[in-house]
Structure formats: structure tokens, C-alpha cells
Amino acid sequence: AGGEMSAPTMQERKACWGARDEFWQCLDRHADNASQCEKLRRSFESLCPQQWVKYFDKRRDFLKYKKKLETEGYHPPEAAGKS
């Protein structure tokens with residue numbers, strides 16, 4: 001494989017998304033304990049292009065952060081010390 005990445009076919013994309021969803025569901029069930037989901041992680045990595053894996057990892061972190069803000073609310077750091 002040369003450095004040039006060809007666009008994945010629809011079938012490849014579906015396989016990638018399916019693997020990602022299964023991996024994410026596993027993480028959800030195991031409170032993000034990735035060691036419980038190693039097999040799914042490997043198939044996610046083997047079915048998805050490398051930069052997609054990176055993107056989805058970032059995306060999951062972002063979604064978790066967003067959910068945390070929604071459940072816990074946003075606390076501005078500089079609120080303390082106002083008189």
C-alpha cells in the first residue's frame with residue numbers, strides 16, 4: 001500500500017461504522033474500560049482507515065465531554081473570588 005489512500009467503498013464504510021458502533025457500545029457497557037473491548041478495538045482498527053480511527057477517537061472524547069457538560073452543567077473557572 002502506497003501512502004495514497006483510496007476512498008473506501010460504501011461496503012467498507014458500513015463495515016467500519018459497524019465496527020466503531022460495536023466498539024463504542026462495548027466502551028459504554030464497560031465504563032470506557034478499553035481492555036474489556038480489545039477484540040472490538042482491533043477489528044475497528046483493521047476495518048477503518050487510520051485517519052478515521054484517529055477522528056472517531058477524538059469524536060468520542062468530544063461527545064463524552066459534551067455529555068458531561070450536559071449532565072453536570074458548566075462551571076466557569078473564574079466564578080470564585082467575586083465579591
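Author: In helix H1, the residues Cys16, Ala19, Arg20, Phe23, Trp24, Cys26 and Leu27 are buried, where buried means under 20% relative accessible area, exposed over 50% and partly exposed in between, with a 1.4 Å probe and protein chains only. These residues lie on the same side of H1 because they cover an arc of only 155° around the axis, the arc being that of the directions from the helix axis to the C-beta atoms. An α-helix has 3.6 residues a turn, so residues three or four places apart point the same way. On the other side of H1, Gln11, Lys14, Asp28 and Arg29 are exposed.

The model is predicted, so local features need pLDDT of at least 70 and side-chain atom pairs count only at pLDDT 80 or more, whereas totals for chains, interfaces and linings use all residues. Residues are numbered from 1 along each chain as its sequence is written, and side-chain values use heavy atoms, with hydrogens and water left out.

The cover over the buried residues of H1 includes helix H2 (38-47) and H3; contact means heavy atoms within 4.5 Å. Arg20, in helix H1, is buried with a relative accessible area of 16%. Residues up to four places away in sequence aside, Arg20 touches Phe44 and Phe56.

As for its dimensions, H1 has 20 residues and reaches 28 Å from its first C-alpha to its last, close to the 28 Å expected at 1.5 Å a residue. The expected span is 1.5 Å times one less than the number of residues. Just after H1, Ala31 takes a positive phi of about 50°.

A pocket is an open set of points on a 1 Å grid over the protein atoms alone, where a 1.4 Å probe fits, with protein on both sides within 12 Å along at least five of seven lines; lining residues have an atom within 4 Å of a point. The space in the largest pocket is about 170 Å³.

Technical notes: Points joined across faces, edges and corners; volume = space filled by probe spheres on them. Helix = DSSP H or I, 4+ residues; strand = E, 2+ residues; numbered from the N terminus.
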